Amino acid sequence: MNHSAKKILVVDDASFMRVVLKDIIKGNGLASEIIEAVDGVEGVKAYQTQKPDLVTMDVNMPRADGIQALRAIMKIDPAAKVIMVTSVEQKQIVQDAMKLGARDYIVKPFDRGNVGLVLNKVLRQR
Amino acid sequence: MQALTLTGNELGRLSEVFFKCISTKTVDALSMLLGEPVRCSVGKIRLYDFAELDELTPAFADSEDMSAVYLRQSGDIQVGVLYYMPKKEGKRFAARLLGKKRFGAFTKLEQSSLSETGNILSGSFFGALAKEQNCKTNADVPGFAVDTFKSLLEFQAVEIGITSQSLIACSAEFHSESDLKLRMLIILDPANAKKLLVKC
């Protein structure tokens with residue numbers, strides 16, 4: 001499926017991780033526009049103003065973490081598509097996020113093939 | 001007040017736990033980050049008095065600055081981790097992560113790549129430790145610094161071992177196929193080491 005008209009928001013305080021995710025998104029032809037936010041506060045603001053088709057949300061961030069930002073985004077838009085990004089298999093955090101409405105999660109370090117599949121799968125969801 | 005100490009048997013058990021976590025999950029994570037095979041060696045665990053901390057300085061670290069990432073885990077157990085390598089090696093490492101062939105002064109992006117490496121490796125290590133010893137940990141945001149090894153260690157040592165005036169330290173070295181080397185130093189005070197052995 002061609003997602004070239006899609007817009008994806010990448011929320012992560014680490015510029016390196018934003019670069020890696022952008023690379024995966026572009027490499028898989030998943031979006032024509034990629035927006036970045038450096039923390040949860042910026043992420044929520046970007047969601048409100050840019051209305052992306054998909055959000056990747058890092059869990060551990062200063063100034064509003066991923067769970068706080070997810071909660072805020074789901075309030076704004078219950079149909080929002082958010083994929084959580086965690087650095088370890090933190091089952092409890094992932095479970096909390098899924099209960100709040102996150103669609104899926106990916107774990108650092110990234111398996112590029114798997115990340116592309118997860119992003120593609122969630123983009124295709126309603 | 002009598003200083004808390006660990007027996008040889010306890011240090012041995014702790015060594016086995018750390019070895020298991022490092023040689024499986026942490027190595028796998030680094031290998032995935034670099035996109036190449038990585039081998040590791042894990043050193044002996046020892047109890048150091050604050051006065052003995054100089055003994056932790058590796059020979060190569062005496063005369064040059066290190067690029068380092070440090071972070072602390074809190075929760076059931078408080079542990080400090082320092083990842084370090086000579087500054088030039090750090091630049092080569094960052095260039096590898098970013099797919100660059102050349103490197104110059106540390107850019108913010110290169111610093112970020114090293115910080116995230118520390119974050120990811122610690123996530124793998126502490127995730128494995130949490131499963132192994134049934135303890136919950138919360139990660140700090142990683143910090144990046146370029147400084148002498150002594151200064152880098154002192155900062156962590158004071159934060160971790162100020163009450164006991166001593167530290168348990170375990171070092172590991174990772175060596176990639178393209179000859180990148182990264183060192184990891186795990187430090188905790190005796191009280192937290194004892195807690196870890198009891199399986200929270």
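A residue is taken as buried if 20 or more other C-beta atoms lie within 10 Å of its own, as exposed if 12 or fewer do, and as partly exposed in between, with C-beta atoms placed from the backbone. By this criterion, A:G66, A:A69, A:L70 and A:I73 of α3(A) are buried. Because these four cover an arc of only 100° around the axis (the arc of the directions from the helix axis to the C-beta atoms), they sit on the same side of α3(A). The elements that cover them include β1 (7-11), α2, β3 (54-58), β4 (82-86) and α4 (91-100) of chain A. Helices (H or I, at least four residues) and strands (E, at least two) are DSSP runs, numbered from the N terminus.

The model is a predicted one, in which local features need pLDDT of at least 70 and side-chain atom pairs count only at pLDDT 80 or more, while totals for chains, interfaces and linings use all residues. Residues are numbered from 1 along each chain as its sequence is written, and chains are lettered from A and ligands numbered from 1 in the order in which they are written.

Packed helices are described by the angle between their axes and the distance between the axes. Here axes are lines fitted to C-alpha atoms, for helices over the stretch in contact, and angles run from 0 to 180 degrees between N-to-C directions. Angles under 35 degrees count as roughly parallel, over 145 as roughly antiparallel, 65 to 115 as roughly perpendicular and the rest as oblique.

Helix α2 (residues 40-50) of chain A packs on helix α3 (residues 66-76) of chain A at an angle of about 20°, and their axes are 9 Å apart. The pair α2(A) and α3(A) is therefore roughly parallel. Residues are in contact if their C-beta atoms, placed from the backbone, lie within 7 Å. On the α2(A) side the contact is made by A:G40, A:G43, A:V44, A:Y47 and A:Q48, and on the α3(A) side by A:G66, A:Q68, A:A69, A:A72, A:I73 and A:I76. This contact of α2(A) with α3(A) has six nonpolar, five polar and no charged residues, where Ala, Val, Leu, Ile, Met, Phe, Trp, Tyr, Cys and Pro count as nonpolar, Asp, Glu, Lys and Arg as charged, and the others, Gly among them, as polar.

A:Q48 of helix α2 is itself exposed, with 12 other C-beta atoms within 10 Å. Between A:Q48 and A:L9 there are 39 residues of sequence separation and 11 Å of space, C-alpha to C-alpha.

From α3(A), A:I67, A:L70, A:R71 and A:M74 meet A:I93, A:D96, A:A97 and A:L100 of α4(A). The residues of this contact comprise six nonpolar, no polar and two charged.

Between the chains, the contact draws 12 residues from chain A and 18 residues from chain B. The chain A side has seven nonpolar, three polar and two charged residues. Helix α1 (residues 15-27) of chain A and α3(B) have axes that come within 7 Å and cross at roughly 90°. The two helices α1(A) and α3(B) are therefore roughly perpendicular to each other. A:S15, A:F16, A:M17 and A:V19 of α1(A) meet B:K108, B:L109, B:S112, B:S113 and B:E116 of α3(B). This contact of α1(A) with α3(B) has four nonpolar, three polar and two charged residues.

In chain B, helix α5 (residues 190-197) holds the buried residues B:N192, B:A193 and B:L196. Seen down the axis of α5(B), these fall within an arc of 105°, so they line one face of the helix. They pack against α1 (8-34), β4 (79-86), α3 (108-133), β7 (166-176) and β8 (181-188) of chain B.

Some backbone details deserve a look as well. Most residues other than glycine have a negative phi, and most peptide bonds are trans. A:K51, although not a glycine, has a positive phi of about 50°; A:K51 lies in the loop between α2 and β3 of chain A and counts as exposed, with 12 C-beta neighbours inside 10 Å. B:D179, also not a glycine, has a positive phi of about 70°. B:D179 is in the loop between β7 and β8 of chain B and is exposed, with 8 other C-beta atoms within 10 Å. Finally, a cis peptide bond, with omega about 0°, joins A:K108 and A:P109, and A:P109 is in the loop between β5 (104-107) and α5 (112-124) of chain A.

Note on methods
Two residues are in contact if their C-beta atoms, placed from the backbone, lie within 7 Å.
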